[in-house]
Each structure stands twice: as C-alpha cells, then as structure tokens.
Amino acid sequence: MKRMLWLAFVALLALPRALWAWDAQAVLDVVPTAALVQQQPPSSPWMQAETTEVSGQAALSHSQTLAEGLSLSGTAWGLADSLPSGSPFETPPGKVDIKSRILELKLVWEVVPGMLIWDIGKKVIHPSSGFFRTPLNVISHGPLGNAANINGAAVGTWEEGWIGTDVTLLLGNFTISNFFSPRMLWSSQADSVLQFFSLPQNDFQNLTRLDVRLGNADMRFLGLVSSGGPGSSDPGVNLQLGAGVDTNIGDSITVRAEVSAANSQSRLTVADPLLATVSTDTVHWAPQALVGATWTNAQQLSLMAEYYYNGGGFAGSDYTQLIRYSQNRRSTYPNAPDLLDQFGTLSAGRHYGFVRISGKLDDTLTAAGWTQVNLQDLSGLTGILLTLTHDTWSLNGSLMNAWGTRDTEAGLSPLLWRIDLELTLFL
Amino acid sequence: MKRMIFAALAVLMTTAMYAESPQELLARVDAARYVPDLSFVLQMTSFEGDKQVDSNTLWGFVKGVGSENKSLIAFADPASVRGRKMLMDGNIVYLLFPKTTNPIRLSPLQILMGQASNGDVVRTGFSQDYDVASLTETTRNDVPCWLFSLTVKESRKDATYKKVQLWVEKDTLHIAYAEFSTGDRVLKQATYQDYRKALDKDIPFVMDIHDGENPQKHTVMTYVKLGRKTVAETVFRRDYLQSWTPEQPR
C-alpha cells in the first residue's frame, strides 16, 4: 500500500509544474479537555477527568493544468491523534491513532469554456451557506477526524468528497448541475487498503442543482434521489428536496436562508425513560431550516447570528422524555443508545440559535467569541478564540465551555470544557 | 485682415474646446486607460507610516467598466491566504476558501485589504457611475490640471463613495490624484503614478491609497504584469469559481 502511495506521489511530481502548484498545510493541536468518563463501563461511576489530547493534521494539495480547459487537482490528508476517543482510559494501542484519506481528486474538463464543465473523481459537495448548521448539505460525510471545532462552524478546515461525476452547465443567470455518485461497498478486508481513498458509499445518489441569480440574490434549488438499489438492506428510493437564498443589504450586511426536507427520516425515540428503552420511528418531510445574517463595519468588526430549526428533533413532552431518558442513561444504563447526539452535537431539540462576534485587535491579531444555544432549555456551548496570523503560520488559542443544568441538553453532554492551542503552518 | 482671421480662429478653437461636455471629457479620461478584458498580477502592500503591515499578491482578470465591472481574483501570496479565489460582481463579492466548494457571499466591507476596497482594486472608470458637478482648471505640482467634481448618479446610490474630486493632467489626460468622500468626509486619497504604455493604453502602474482620516495608513497597489484575456460572461458566476484554475497574464 505504501509503495502504491509513493508511486502516485512520484507520478504527480513528474507532471509539469502548474501555476498554482503545490500547497501544504500542517496543523498541530494541543487540547486539554475535561469530560465525564467511566473507567470500566458500564459498572463504574462517571467521573470527571482532565486529559490532554495531542493531534497533528497535514494536507497536501496540488492543482495541475494539463491542457487548455483541462485540469487535475487533489488533496491528501492525514491525522495522528493521541486520544481519538477523548477518554484518558482509551489510549490507542500504538500511542497514536493514524488516519489518512484522499479528500478530493478530480479531473475537470471545460468542454465549452466557461459554460459546460465536466468533473470526474472525488469531489466535495457543499451547497449550504450556513455557518453553524448546514441544512442544504444533503450529502455530507460529517466532521473529518477528531479535530477540535474551535470556531463553532459546522464544518472544519477540511471536508471529504464523494466519488462520482458532475456535469455543470452555466447559462446566463442559470446554473444547472448534476452529480451522480455510485454505490461502492467492499469487504472489511479490502477496507484496510481502500480506507485511504474513500469511505464506503452505501447508496446510489443523484443530486440535481439549479442556481439562479435574481437581481442581487442567489437562489438555489436541489433534489437528491438516493437508493441502496437491488440487494441492499434499504432498496427503497428516497427523495430529499432543498432550497436556499442569500443576498446583500447595503455594504455591510449579508443574509441567508435555506430549508431542506427528506421524504423519510428514521430516528430513535424514547420508549420508556425510566428503563432507558428506545424505539425507532419515521418522520416524513420534517424540515431543517436556517436563517442568518452577518454584519460587518469598516473597522472589520463582524457580528453573525443564525437560527436553526430541526424538524426531526424533539419538542414538548417528547423533549422532556428525552432529557429524563438521558439522565437515566447516564446514572443507570450507560449502554443504552445515546439519543441526544443522534443528529450531531447539540441538535436533539427543535430550536437553536448561534451568535458570533469577531474583530481585529491589530494587524495580525483577531479575536472571536461565539455561542450556540438550545433555545428550548437555554443550555449551550460557548467559545472564545484568539488568532495570531503571519504570512506562513498562524497560532490559535481557544477555550470552549458547555453550560447548562443537569436537565438540559448541553448540561448532559460529557464534555465540560476544552482548551485548544493550535499551530498552523502554511507551506 | 490677419487680425480678423486670428479672431475667427480663436472663436472657432474656443467653440471646439467647449464642444466637448465635461461628461464627455470624463469619458475620454476613462477611455485613455480602459482595457477591455484586462488580466493582471497585482501587488498590494499596506503601510502604517513607513512600516509595512501586510502584503498580498493577486492574480486575476476584469471585464466591464465602473460599478458594472466583474473580476475574478486569486490570492497567490502570502502562503496563509494562497488559493483563495474571489469573484467581484459590482457590489457583490464571493470568496472561495481553498479545499471548499461553496463560495461565501461577503459584504463589500468584509473584503477590505489595507486601505483598498473592492472598487479601488478594480475601478476602471468614473463616467459610468458619476455625473460631473463642476469642471475647473487648476494646477497640481505645477502641472496644469482639470479638476472634476463628481457626484454619484441617481442609479448608483449604493456606491461606497458619494463624491469624487479628480485631478487630471490636461496634456495627457492622466489621472494624477483623487479624493473619495461620503458627504463632507474624505474617506480615501489616491495618487496615480508611474504611467506606462501597456496594451495600447496609458496605465498607472502604481496607485497609492491613503486613509482619509489617518493618512499614515496607506496601501500601494502595483501592477506586476498586465495582459488581455477574453472570457465568456458566464465565467463571472459564483458556480464557476471552484472550476477556475488561475493563470498569469500571457
């Protein structure tokens, strides 16, 4: 496997030098964290443990013009993590846990320059304009690795793409694109090799997008058809639809709104909160929606606010049951499924808010503070971040804290606080 | 008889001189340096007094004039911003970070680089966006100049600068100096220097833009390379940014 990777690397080096050429980024994170953990689950009690996780990530990118209108670009990424689980009792056998992946590798051909573009390979699909939640990212692999989320964004520095082919047609104020991604499954034996290239792709997926420029506003509509196909455990055809808009108001404000919904979404619900038992149900066309705005002044002080509605989340008595279930799960039934995190961190309820303020302290130093709030129980996450940026490196120092009483979503999170010192090198 | 002929000639010359309206003269000033489909490598260096605080090298191309221009810009240097791509379409700005696929919509104030804003970077003409309120004769550094007082057109009310004072050398129609203001407050002062013949036009290769309130803060924009690149109109679309492979001017 290593030999294959080296051969691929040497082959890339042998290509003529592109204008953009090579680009590399390395990130070193030192993350002291306090979390609630169990030494020997499920019998031992939960206890607070402070631990320091050290992780290093690196990404190497290349973009190559092969001919007029034909280019090849790719990004390889690797992560070495001293504590991937976050628990001091679960150190990896080899001291560090190593992961690596080709994030993107695509051949782009402008069949008609500036008008008809054909991509093939591995490509990131990210239509959402949301910052702390991304309802229009209807096909997403989720956060990559175990890197700390220090600025409150839904997506970190790097994203992993999907293997498939994309055709884009730009016509006047319209853009129509169609991305098809095949089903790709392999044995666990093959996975020891193929994991470096891609995650398995469980379904056939076809995403059609229409983007329209209407005056100052950009509108987008998308439809995703997916199916496991014949022989799959889920051979049914599923549909997801979405729409979004963003625009400017004057010189200082941008606003955005987007919504998506799936014809069918299965979720775990509480059957009995006292015994911590669950059942599965299906919700139909439950919308996820986001509205947000960013205001910036001439001194580069920026204020962002977003509201997120999660139609598949829980509200009212269902939410009360969920909190009761999670309390019992923590105290008595630690092996019961974690229902709070089934849609991601801080997403079990229906209503969430996000506010972020950032500004320049001087020419190289910026400061930011952000908070995510569950508006149903007023618990949340808060972070502050200082960034020192120079031409070839940046240094981030951040502190994140989960707050809320023991009958709230964030109050029930095992995470208590986290400090992150992050050094990024741009090579 | 000779005196009569000279008098007639003088009248004719005066008539010819003023046959061109101030707005037409401004259009001629723009035309003297306007290059359709300009591609460039531009260095932007910001100073506070004599101390350099920031420097960026940009590659890109621009199409159209005035506030209707559209430009694609890629950050080539320093390494911390390399790979960022930006589309400016009038007052609308999109920024695509490396390794992401969805360009973020920014407000014009979010993309200030030093003392230079979007309009300063790519401004190719004044006559599209401004009416001439007055035109007078003056001198600047002992060089005879036209002094244009410009006010923003009704249809361009969303422009960053509502008024512009423009000093233009009479002989060459080179813009020498400009003051950009909103109301009575001067926001920017720009000096245009190092005019060179390029692409059959007289182009200022250096523009020095000072903050109106703190003149110690200034940004020098220097063209490193210029060329022409004709591209389809659809290239200036948000959805094209991720497919764009930046190239230096040929």
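Start by selecting B:V164 in this predicted model. Beyond its neighbours within four places in sequence, B:V164 is in contact with B:F126, B:Y130, B:L150, B:A178, B:E179 and B:F180.

Next, select B:L166. Find B:L166 in strand 9 of chain B, which runs over residues 163–169. Is B:L166 buried or exposed? B:L166 is buried, because 24 other C-beta atoms lie within 10 Å and 20 or more is the cut-off for buried. Show its contacts, again leaving aside neighbours within four places in sequence: B:F126, B:F148, B:L150, B:I175 and B:A178.

Pick the C-alpha atoms of B:L166 and B:V235. These residues are 69 apart along the chain, and the two atoms are separated by 33 Å.

Finish with chain A as a whole. Switch to cartoon: chain A has 3 helices and 20 strands. Its radius of gyration is 23 Å, close to the 22 Å that the globule rule gives for 427 residues, so chain A is as compact as a globular protein of that length. Along the principal axes, its C-alpha atoms fill a box of roughly 65 × 55 × 45 Å. Colour by burial: buried residues make up 34% of the 427.

How values were computed
Residues numbered from 1 in each chain as written. Chains lettered and ligands numbered in written order. Predicted model: local features only at pLDDT ≥ 70, side-chain atom pairs only at ≥ 80, totals over all residues. Helix = DSSP H or I, 4+ residues; strand = E, 2+ residues; numbered from the N terminus. Rg over C-alpha atoms; globule rule 2.2 N^0.38 Å. Buried ≥ 20, exposed ≤ 12 C-beta atoms within 10 Å, placed from the backbone. Contact = placed C-beta atoms within 7 Å.
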